[in-house]
Amino acid sequence: FGETFTLAGENNAESVFEIQFQSGFGTAFAVPVNEANWIANWFNPTSQFPFGFRNSVPSKQAIEFFEQYPEEDAERRYYTYAKPGDTWGRWDPVADDPVAAQQWRARNILVPYADDPDFQLLAIRKHSGGFEERGGFNQNPNNHRVMRYSDVLLMFAEAENEVNGPTGDAYSAINMVRQRAGVPAVSGLSKEDFFEQIVVERRLEFMYEFHRYFDLLRWGRGDEMPGFVANKNELLPIPAAQVTNNPNLNQNPGY
C-alpha cells in the first residue's frame with residue numbers, strides 16, 4: 001500500500017490515471033506566473049512540519065475515524081498520516097518534542113484543535129513518499145494519483161451490491177483491496193451491511209485522495225461534511241465568466 005504513493009511507485013500497475021509532476025522547473029511565487037511554476041506537486045510541502053505552510057493537516061475527525069481500527073488497519077494508517085513515534089525516511093516529522101509542538105501552535109493558530117491539551121503533532125504522509133523526495137521548496141516531483149485500481153474494484157463492489165446484493169463477485173472485489181492492505185476478508189453481510197462496509201472501506205483506502213466529498217454526495221450524506229448547505233453544495237458554481245458570456249445560462253442554486 002505504501003509503495004503506491006512513493007516516487008518509485010509512480011505509474012505502476014495499480015495506477016489508472018496520474019497527474020505527472022516534475023521538479024526543477026520554475027520558481028515558487030515567480031512573477032509573472034506561468035506554467036513552469038506549477039509543474040511540481042505542491043501537496044507535499046504543505047503537509048510536512050517544519051518546512052511547509054502546514055495548512056494541510058489531518059482533521060481531528062479523520063484521525064478519530066482511523067483510530068477505530070488501530071491493529072486491523074495498521075498499514076494503511078501508517079502510510080496515510082504520521083504521528084509521534086513514526087519514522088518518515090531519515091526524518092521524524094512529528095517527533096514528540098515539546099519545543100516543536102510549541103512552534104507548531106505558534107504557526108498554526110487557525111487550526112481549531114491546536115490548543116487541545118491532548119493535541120499531538122500529525123502530518124499527512126500520503127502523496128509525500130518521504131523527506132528525500134521533496135526536491136526542494138515547492139519542487140515535489142511525486143505524481144498525484146487521480147484514480148487507482150482499488151477505486152475501480154470498490155466502485156464495482158458497490159454497484160454489484162446495489163444491483164444484485166453481496167454476490168461472490170462483490171466480495172471478491174472488496175476483499176482484493178482489503179487483503180492487499182493486510183486486512184482480513186469480510187463475508188456474510190447483508191446488502192445494507194455490505195454497503196456500510198463500502199463506506200468504511202473507501203474512507204480508509206482513499207483518505208486524502210479527494211474522493212470523500214463526491215462519495216458523500218453520491219450517497220446522499222452531504223450533511224456529514226462541516227459547513228455543507230443542502231440544495232446548494234450538491235453542485236459546483238458555474239464560473240462567472242461563463243454566466244456573463246451566455247445570457248441564457250443560469251447560475252446554480254445558492255451561488
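Q: What should I know about the model itself before we go on?
A: This is a predicted model, where local features need pLDDT of at least 70 and side-chain atom pairs count only at pLDDT 80 or more, while totals for chains, interfaces and linings use all residues. Residues are numbered from 1 along each chain as its sequence is written, and side-chain values use heavy atoms, with hydrogens and water left out.

Q: OK. How many aromatic pairs are there?
A: The structure holds 7 aromatic pairs. Rings of Phe, Tyr and Trp (its six-membered ring) pair if their centres lie within 6.5 Å; planes under 30 degrees apart are stacked, over 60 edge-to-face, and the rest tilted. Tyrosine 78 and tyrosine 79 make an edge-to-face pair, 5.0 Å centre to centre with 90° between the planes. Tyrosine 79 is partly exposed too, with a relative accessible area of 29%.

Q: And which pair does tryptophan 219 form?
A: Tryptophan 219 pairs edge-to-face with phenylalanine 195, at 5.8 Å centre to centre and 85° between the planes. Phenylalanine 195 lies in helix H7 and tryptophan 219 in the loop between H8 and helix H9 (240-245), so the pair ties together parts that are 24 residues apart in sequence. Helices here are DSSP runs (H or I, at least four residues), strands are too (E, at least two), and both are numbered from the N terminus.

Q: Switching to the core: which residues have the most contacts inside the largest one?
A: Those are Leu154, Ala157, Ile174, Phe194, Ile198 and Trp219, in a nonpolar core of 18 residues. Helix H5 (149-164), helix H6 (168-180) and helix H7 (191-206) each supply at least two of its residues. By nonpolar core I mean a set of buried Ala, Val, Leu, Ile, Met, Phe, Trp, Tyr and Cys residues joined through side-chain atoms within 4.5 Å.

Q: What does phenylalanine 194 touch?
A: Leaving out residues up to four places away in sequence, phenylalanine 194 touches Ala157, Asn161, Pro166, Ala170, Tyr171, Ile174 and Leu189. Contact means heavy atoms within 4.5 Å.

Q: New topic: which residues lie nearest the centre of the largest pocket?
A: Ala62, Arg203, Tyr208, Arg212 and Tyr213, out of 20 lining residues. A pocket is an open set of points on a 1 Å grid over the protein atoms alone, where a 1.4 Å probe fits, with protein on both sides within 12 Å along at least five of seven lines; lining residues have an atom within 4 Å of a point.

Q: Which element gives the most to the lining?
A: H8 does, with 4 residues.

Q: Last one: how many helices and strands does the chain have?
A: The chain has 9 helices and 4 strands, and 44% of its 255 residues count as buried.

Definitions and conventions. Buried means under 20% relative accessible area, exposed over 50%, partly exposed in between (1.4 Å probe, protein chains only).
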